[in-house]
Amino acid sequence: MQETNITIINRLQGLIANCLSDLVDPAERFALLDFPNHYNIGDSAIWLGELAYFDRRKTRPAYVTEIPTYNDERMLAAIGDGRIFLHGGGNFGDIWAGYRQFREDMLTKYKGRPIVQMPQTIHFKEQSGIDSTARAIEKHGNFTLLVRDHKSFEFAKRWFQCDVRLCPDMAFCIGPVSRPAPQHELLLNLREDQEVGAPQDLTAATSRPGTVKSDWPDEPADFQRHTKHTAILKGLMSGRIGGRAKMTELAYRERAQQRFDRGVALLGSARQVITDRMHGHIMCVLLGADHCVLDNSYGKTSSFIEAWGTCNNAEKAAIAATVDEALGILDARRMQPAAVA
């Protein structure tokens, strides 16, 4: 079924709201853990989407932290007996070291306290990791696991004794984003990490005039200090400045927003985009950008698209197996009359 980008965004926001309706009590203090303090713009998009959802419910997390700075005493002082939300993304498994251990530690420390894992993709390579996570979930007894695709849902239902729900990625709660004026013809937004998919021949794409290639860009050298100072200034101007917890939440918002804005500038810099990043695709949907999507190493992106129909706007989005196939799709689109986003 053909949809516009706006229709897709509104539909997925509605599904998110339904999924989380009984998990968020605006009168309850709660924690949101695992702030993604790194260059991956997709994770910052998820964080902003999570905050946007809570803002719509007229509530804000009383305690936020990244994994290295987590502190039990500070969290408990901030949230009392409130529930714990774990940041969503694509690290539920054993590909990215450290996240599984932190998740299991929280389940072990806070048995019986409601813990909600925001929407994730599940991927394990080793049975030992599955077994360890399954034991922690079973012993905890009050864990809600939100997943972003049918494959993850079936996996979780098979291995984990908890409430498992299918839920779109939280970045859609950001809503439509204004697209900057393009400066290039084609952007190759291709990942350079361990999730990169099949090798691609980029000869035809890079030989075209007006083609640029970039994964998510690196951070400026003074980014952490700059965003902290900006958050303090904005907090003073808005009257929101307060104690350590509130200041940390404002600083994280600012960092996530500036990272997201950097991604918008990158993805909006070209008339057409080929990306193999899930949030390259999601952000192109938010931007109404003409793009094609390649899969990652283990099918995360194609599974997500299959679950939620984010390529239903065929005049703006399509999934392709190779860069050359994507070029053919984009070339055909350029020959068609302009479509409404």
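**Local and overall features of the predicted model**

Lys58 is exposed, its relative accessible area being 74%; exposed denotes over 50% relative accessible area, buried under 20%, and partly exposed the range in between, with a 1.4 Å probe and protein chains only. The structure is a predicted model, in which local features need pLDDT of at least 70 and side-chain atom pairs count only at pLDDT 80 or more, whereas totals for chains, interfaces and linings use all residues. Residues are numbered from 1 along each chain as its sequence is written, and side-chain values use heavy atoms, with hydrogens and water left out.

Lys58 lies in the loop between α2 and β2. Here helices (H or I, at least four residues) and strands (E, at least two) are DSSP runs, numbered from the N terminus. Although Lys58 is not a glycine, its phi is positive, about 60°. Most residues other than glycine have a negative phi. Asp34 is another residue other than glycine with a positive phi, in this case near 80°. The loop that holds Asp34 runs between β1 and α2 (41–56). With a relative accessibility of 8%, Asp34 counts as buried.

The chain as a whole contains 12 helices and 12 strands. Its C-alpha atoms occupy a box of roughly 60 × 50 × 35 Å along the principal axes. The radius of gyration is 20 Å, which agrees with the value near 20 Å for a compact globule of 341 residues; this radius is taken over C-alpha atoms, and the globule rule is 2.2 Å times the number of residues to the power 0.38. Of the 341 residues, 55% are buried. Among contacts with a separation of 6 or more, 79% are between residues 24 or more positions apart, a contact being defined by heavy atoms within 4.5 Å.

Helix α3 spans residues 72–79, and Met75, Ala78 and Ile79 in it are buried. These residues cover an arc of only 80° around the axis, which puts them on the same side of α3; the arc is that of the directions from the helix axis to the C-beta atoms. Glu73 and Ala77, on the other side of α3, are exposed. The elements that cover the buried residues of α3 include β1 (31–33), β2 (63–65), β3 (84–86) and α4 (99–109). At the start of the helix, a side-chain oxygen of Asn71 comes to within 3.0 Å of the backbone nitrogen of Glu73. Gly80 follows α3 and has a positive phi, near 60°.

Two packed helices are described by the angle between their axes and the distance between the axes. For α1 (residues 5–20) and α10 (residues 278–287), the axes come within 8 Å and cross at roughly 115°. Such axes are lines fitted to C-alpha atoms, for helices over the stretch in contact, and the angles run from 0 to 180 degrees between N-to-C directions. The residues that meet are Asn5, Ile8 and Ile9 in α1 and Cys284, Val285 and Leu286 in α10. By class, this contact of α1 with α10 has 5 nonpolar, 1 polar and no charged residues. In this classification, Ala, Val, Leu, Ile, Met, Phe, Trp, Tyr, Cys and Pro count as nonpolar, Asp, Glu, Lys and Arg as charged, and the others, Gly among them, as polar.

In α10, 10 of the 10 residues are buried, so this helix is largely enclosed by the rest of the structure. The buried residues include His279, His281 and Met283. Gly288 follows α10, with a positive phi near 70°.

Asn313 is situated in the loop between α11 and β12 (317–319). With a relative accessible area of 2%, Asn313 is buried. Asn313 and Gln2 are 311 residues apart in sequence, yet their C-alpha atoms are 5.4 Å apart in space. Their side chains form a polar contact of 3.1 Å; a polar contact is a pair of N or O atoms within 3.5 Å, where within protein one must be able to donate a hydrogen and the other to accept it, and residues adjacent in sequence count only if both atoms are side-chain atoms. The side chain of Asn313 is also joined to that of Asn5 by a polar contact of 2.6 Å.

Ser303 belongs to helix α11 (residues 300–308). This serine is buried, with a relative accessible area of 16%. A polar atom of the Ser303 side chain lies 2.9 Å from the backbone oxygen of Gly299.
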